[in-house]
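Hello,

Here is the structure I said I would pass on. My notes on it follow below.

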Amino acid sequence: MLKIGVFISCFLSLILFFAPETGSAQDVSILQGWKFKTGDQAGWAAPAFSDSDWAPIKIGAPWEAQGYPGYNGFAWYRLHITIPSAIRDKSFLKDRIRFDLGKIDDGDEVYLNGSLIGRNGGRGGTIESGVWDQDRSYTLPLADSRIHWDQDNVIAVRVWDRNGDGGMYDGKYGISINDVTDYVRINTADNGFQFGNNKQVSKKISLQSVSPTYDFTGRLHISVADPISGSVVFKQTLGIDFAKDRPFEYTYKVSLPENKSYQATYTFEEGRSKKQLSVTEGIPFILTPRPPATPRINGADVFGTYPNAPFLYRVPATGEGPLTYKAASLPATLKLDPQTGIITGTLAAKGSYKVKLSVRNKLGSATKNFTIVCGDKIGLTPALGWNSWNCWGLTVSDEKVRASAKAMADRLASHGWSYINIDDGWENAQRDADGKILANSKFPDMKGLADFVHSLGLRMGIYSSPGPRTCGGYLGSYQHERQDAASYAAWGFDYLKYDWCSYGEIAPRDPSLEDYQKPYKVMQEALASTGRNIIYSLCQYGMGDVWKWGNQVGANSWRTTGDISDTWGSLSGIGFKQDHCAPYTEPGHFNDPDMLVVGRVGWGPSLHDTRLTPDEQYTHISLWSLLSAPMLIGCDMSRLDDFTLNLLTNDEVIAVDQDALAKPAVRVADQDGIQVWVKELRDGSRAVGLFNLNDKAHPARLDFETLKLPSGQKLKLRDCWRQQDLGVQKGSYSVTLPAHGVVLLRVKAAQ
Ligand code: GLA
């Protein structure tokens, strides 16, 4: 029956083999002992080469974070490792050995004892066209003579980094023998959790074989447990069988005792080998109560505009419709539509205009003081919106943008979400005869699209690069900056993301501060000449410590890191390392730790549910809000599930992000994997995030002294996600947090 070995050995050693997401545990750890050198020499692959003077390096974080800021190009990693024959002997399938080398930014070639065993060259096939966001898993037959069993082996990884972060930055690492369970997928991603009445949850899972020959039989154990107490609230075992074209599908139902974090674990026990394969996932839990039916005005308290620039603001308000809007003391040159709450017009004179917004429905009314600041700054609070990249990648189209705009207008705008941004992939292959940039056939009518978005009271963003080409290989703005800014303005754009990409070919190899700033100044001047309120968002991955000078080139925000992906490694690696740039944030100028990875993401064309657990997603939004970060939703908003919608529409959490003081949180405690971040808010209160970075539940404690509140030790606490008061507490607050979980508090002096 075990024909599987024959099938698999047909794979050539150079073929990139994608490891199953649900693979078996790693047999040999390769986390420690790596050496590193920038540059490129063929001899560095040789086992006999002496790397004793190379620097040690950690894998699992980019080299930029380990003493090589701004380094792009070639570099090598080397590791000496013994591969014990015991791992081969104990394996059930005497099949192939697998080297899991995580994700590598951007391309790589992997050598074992001097000979090439794998390459990720993306579609182009060369190391320079490698794809950063893919797991590297290279396999060899066990009989391959290049493996030195029980002796020293040298793994040498040649890396090419195009721009931004580089190196072996994230993922799964180890050496293993492929086993039966490596040919099984426990698929949890195709169907989301369904919520019924009385905390009833159901979920359809399926088990699939990727072996054309092996018929699997065995048992499936399903269990649901409280990750904090460990108590099991549901257990079921099923006898199952499945094969390549015959998946096993099953829907289980469970009643959850409380509205909190639970973990479901699916363990397949293979009948013949007795090997086990387990997948655990978090069950979404909705914390935020629905907004009341009575009216409420949400969103920031301030909004900036340039003199004489077209003004567009939609008053974000919840409550049962129809709602009627009013604005007392609104300057005469601005008009509010009482039915839609959309304010348009222009303001000529600089100054602060204090307006009283009000909204009414049959159940009552609400008011809010709102300041319009007409002056040299816009984007006074971090941008809240959507960007096409993390879902559609280069497959973005007019239709997809419209669907997201419609969804934002219907479901999110009432909470302050307002930008609809097209990322890379909209540009035509050629400019017109006059050098004017054109949209490609996926965007037949850019002006019409922007008009549509504006008609919903939303603003519209676009993307380009100061280089000749964008990161996706489309036309950039190099030497056409004025012309392009004029086109964006004529189409009606309100936001530009300007992405370094191929400008690396124009700038000198070791750019000076001036070189880094130059292209961004050019575009700043071009944008200023349009007279529109265009948010200017720099994307150059943090090079040259952009946070120190982004405001000097007129940027409203600047990316501080390489690209985010929907893993805990990526999210936590970025989010919890933002403290060094935090002091440079001020109203109108924000650090940007990259876009949100919640909901259905995928970088196009096919999407999947984010791989972040529900707890990790609460952490994501809490941390970004504490950091005063721009929040750009990166999912298909036309398919927002209840959990994701709830996550993005908690007005108390959004208020932390949009606080007009714009003071990002600072880390006040970091011990045993628990971090506490505190953000000063304009009303004198504090927003506090208690985070558990451990892989297991862990107690956390907030010591009130760290808050530096003048009132001392007696404080009023409120849980922002649950929108519940926790009462007056003295001295400290303690809570046990699930793995990668958070509690976000608003804390103020007790009267
Ligand atoms: C870079 C940016 C991403 C996205 C792509 C588009 O990688 O960092 O956010 O804009 O380019 O090609």
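The centres of domain 3 and domain 5, taken over C-alpha atoms, are 35 Å apart. This is a predicted model, and these two domains belong to an assignment that lists five entries: domain 1 (19–178), domain 2 (183–283), domain 3 (305–353 + 360–374), domain 4 (384–657) and domain 5 (666–749). Note that domain 3 is given as two stretches, 305–353 and 360–374.

On the cores: the largest nonpolar core contains 99 residues. W417, I420, I422, W426, M446 and M637 have the most contacts inside it. Helix α4 (residues 398–412) supplies the largest share of this core, namely 6 residues. The core lies between domain 4 (384–657) and domain 5 (666–749), because both give residues to it. Another core, of 32 residues, lies apart from that one; I59, A75, I155 and V159 are among its members.

What does M637 touch, leaving aside its neighbours within four places in sequence? The residues in contact with M637 are W386, S404, A407, M408, L412 and I420.

On the strands: there is an open sheet of 4 strands, ordered β14-β13-β16-β17 and paired antiparallel. Its edges are β14 (232–242) and β17 (276–283), each of which pairs on one side only. From one strand to the next, the twist averages 15 degrees. Strand β13 (residues 216–225) runs antiparallel to β14 and is joined to it by 10 bridges. Within this pair, G218 stands opposite I240 in β14.

Regards

Conventions
Residues are numbered from 1 along each chain as its sequence is written. This is a predicted model: local features need pLDDT of at least 70, side-chain atom pairs count only at pLDDT 80 or more; totals for chains, interfaces and linings use all residues. Side-chain values use heavy atoms; hydrogens and water are left out. Two strands pair if DSSP finds at least two bridges between them. Helices (H or I, at least four residues) and strands (E, at least two) are DSSP runs, numbered from the N terminus. Axes are lines fitted to C-alpha atoms, for helices over the stretch in contact, and angles run from 0 to 180 degrees between N-to-C directions. Domain bounds come from an automatic or database domain assignment. A nonpolar core is a set of buried Ala, Val, Leu, Ile, Met, Phe, Trp, Tyr and Cys residues joined through side-chain atoms within 4.5 Å. Buried means under 20% relative accessible area, exposed over 50%, partly exposed in between (1.4 Å probe, protein chains only). Contact means heavy atoms within 4.5 Å.
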